[in-house]
Amino acid sequence: MKWIRVALALVLAACSPSSPPAREVAMKERPKVECVGCDTPALAPEALPASEAEWKKKLTPEQFYILRQKGTEASYTGKYLHHQGDGFYACAGCGQKLYDSKTKYDSCGWPSFWDAIPGTVERHRDMEATCTRCGGHLGHIFDDGPPPTGKRH
Ligand SMILES: [Zn+2]
């Protein structure tokens, strides 16, 4: 009976999961310039995390700190600061598209926009800006921006 066991082991080895084809890996690593932050799939409101603990699981520590604890990304460090690609900037929390690259301009140490996509960003009394879909903290909206809005997001 010994030879049967050997044959079985060979079949199992042949069926073990192989590594993904090289083509798939290359697709994943290709940078997405058409939609910054769109690696986050757009979530329906009912699919959003219901608690801060769930948000913590979904986001990276840095994203959680900024979006949920109103932290601020250190200036001049953001990887999209000098990003020049055409397209949209999406919320890292829920995937909602927030900014069109056509409204992006160079101002300070953070990516700046003079307008948001209508209905996606709410400005609060203390000038804090939040995502209208998930409530994530996006930064602040100041009144020293360029025309046509005079706003700096
Ligand atoms: Zn959001």
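This briefing covers the confidence, fold, sheet, core and backbone features of a single chain. The model is predicted, and the mean pLDDT of the chain is 77. The chain holds four helices and eight strands, and 18% of its 153 residues count as buried.

**Confidence**

- A pLDDT of 70 or more is reached by 65% of the residues of the chain.
- Among the elements, strand S6 (residues 121-123) has the highest mean pLDDT, at 96.
- The lowest mean pLDDT among the elements, 43, belongs to helix H2 (residues 22-29).
- Over residues 6-33 the pLDDT stays under 50, and for this stretch the model has five contacts beyond four places in sequence.
- Where pLDDT is low, the predicted coordinates should not be read in detail.

**Overall fold**

- Read from the N terminus, the order of elements is α-α-β-α-α-β-β-β-β-β-β-β.
- Of the contacts between residues at least 6 apart in sequence, 51% join residues at least 24 apart.

**The sheet of S6, S7 and S8**

- Three strands form an open sheet in the order S6-S7-S8, with antiparallel pairing.
- The edges of this sheet are S6 and strand S8 (137-140); each has a single partner strand, so one side of each lacks a neighbour in the sheet.
- From one strand to the next, the twist averages 25°.
- S6 pairs with S7 in the antiparallel sense over three bridges, and Val-121 stands opposite Cys-131 in S7.
- Strand S7 (residues 128-131) is joined to S8 by three bridges, and these two strands run antiparallel.

**Hairpins**

- S6 and S7 form a hairpin with four residues between them.
- Met-127, in the turn of that hairpin, has a positive phi of about 75° although Met-127 is not a glycine.
- Met-127 counts as exposed because it has 11 C-beta neighbours inside 10 Å, where the limit for an exposed residue is 12 or fewer.
- The hairpin of S7 and S8 has five residues between the strands, and Gly-135 in this hairpin takes a positive phi near 80°.

**Nonpolar core**

- The largest nonpolar core has 14 residues.
- The members that touch the most other members are Cys-91, Leu-98, Tyr-99, Ala-116, Val-121 and Cys-131.
- H4, S2 and strand S3 (97-100) are the elements that give two or more residues to this core.
- Ala-116 touches Leu-98, Tyr-99, Val-121 and His-153, leaving aside residues up to four places away in sequence.

**The loop between H4 and S2**

- Thr-72 is found in the loop between helix H4 (61-67) and strand S2 (88-90).
- Thr-72 is exposed because 11 other C-beta atoms lie within 10 Å, and the limit for that class is 12 or fewer.
- Glu-62 is ten residues from Thr-72 in sequence, and the C-alpha to C-alpha distance of the two is 9.5 Å.
- Lys-70 lies in the loop between H4 and S2 as well.
- Lys-70 has a positive phi of about 55° although it is not a glycine.
- Lys-70 counts as partly exposed because it has 14 C-beta neighbours inside 10 Å, a count between the limits of 12 or fewer for exposed and 20 or more for buried.

**The segment after S8**

- The peptide bond from Pro-147 to Pro-148 is cis, with omega near 5°.
- Pro-148 is found in the segment after S8.

How values were computed. Residues numbered from 1 in each chain as written. Predicted model: local features only at pLDDT ≥ 70, side-chain atom pairs only at ≥ 80, totals over all residues. pLDDT = per-residue confidence, 0-100. Contact = placed C-beta atoms within 7 Å. Pairing = 2+ DSSP bridges. Axes fitted to C-alpha atoms, helices over the stretch in contact; angles between N-to-C directions. Core = buried A, V, L, I, M, F, W, Y, C linked by C-beta atoms within 7 Å.
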